Every structure is written in C-alpha cells, then in structure tokens.
Amino acid sequence: MTRKANRYAGLNAAQKNDFLKLTPAEWKSYFGNASQRTLRKTYGQLCQRNGSEWERVKALFVEALIAKQSKVGSSHGQEINQCRN
C-alpha cells in the first residue's frame with residue numbers, strides 16, 4: 001500500500017462497508033495515527049454502519065480516542081508544571 005492509501009485505509013473501508021479490509025490491530029493503529037480531520041470523517045461513516053462487527057470497530061475507535069486525549073492531557077499538564085517552575 002502506498003503512504004496515502006495507508007492514511008485513508010480506515011476511511012475507505014468504512015465508506016465501502018468493508019470492515020474486513022483491516023485487522024483489529026490495523027484498525028487500532030489507523031485510529032491512533034489518523035489526523036483529526038480523517039478521524040471526524042471516519043466517525044461519520046462509522047455512525048452509519050450497523051452490526052456486531054462494526055460495533056467492535058467503533059469500540060476500537062473509542063479506545064484510540066481516549067488514548068489520544070489522555071496523551072494530550074498529560075502533555076498539557078507537563079507544560080503547566082514547567083511554567084510554574
């Protein structure tokens with residue numbers, strides 16, 4: 001796969017209703033590395049999908065989103081502590 005295809009692999013899979021394009025590990029990696037804009041577009045597509053398989057993909061999306069937010073939150077905490085010193 002090309003770099004661009006990798007960047008939009010999850011979005012393309014969601015648009016084509018083909019959750020099997022990526023393994024669970026690939027979905028998790030995709031959600032962890034995707035830009036905010038791509039995540040928003042992918043989320044919109046995931047909201048339109050039904051079925052237990054897509055529910056698992058949505059759960060991976062939520063896990064990745066929480067991990068990203070906690071990473072951002074902890075980095076902001078470090079910046080605040082540096083400003084106080």
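Student: How many salt bridges does a search of the whole structure find?
Tutor: Two. A salt bridge here is a side-chain nitrogen of Lys or Arg within 4 Å of a carboxyl oxygen of Asp or Glu. This is a predicted model, where local features need pLDDT of at least 70, side-chain atom pairs count only at pLDDT 80 or more, and totals for chains, interfaces and linings use all residues. Residues are numbered from 1 along each chain as its sequence is written, and side-chain values use heavy atoms, with hydrogens and water left out.

Student: OK, which residue does Glu63 pair with?
Tutor: Lys28, with the closest N and O atoms 3.6 Å apart. Helices (H or I, at least four residues) are DSSP runs, numbered from the N terminus.

Student: Is Glu63 buried, partly exposed or exposed?
Tutor: Partly exposed, at 41% relative accessible area. Lys28 is also partly exposed, at 46%. Buried means under 20%, exposed over 50%, and partly exposed in between (1.4 Å probe, protein chains only).

Student: And what does Lys58 meet in a salt bridge?
Tutor: The side chain of Glu55, at 3.3 Å from N to O. Glu55 is partly exposed, with 42% relative accessibility.

Student: Different topic. Where is Thr38?
Tutor: In helix H4 (residues 36–47). Thr38 is buried, at 5% relative accessibility.

Student: What is Thr38 in contact with, leaving aside neighbours within four places in sequence?
Tutor: Arg7, Tyr8 and Tyr30. Contact means heavy atoms within 4.5 Å.

Technical notes: Helix = DSSP H or I, 4+ residues; strand = E, 2+ residues; numbered from the N terminus.
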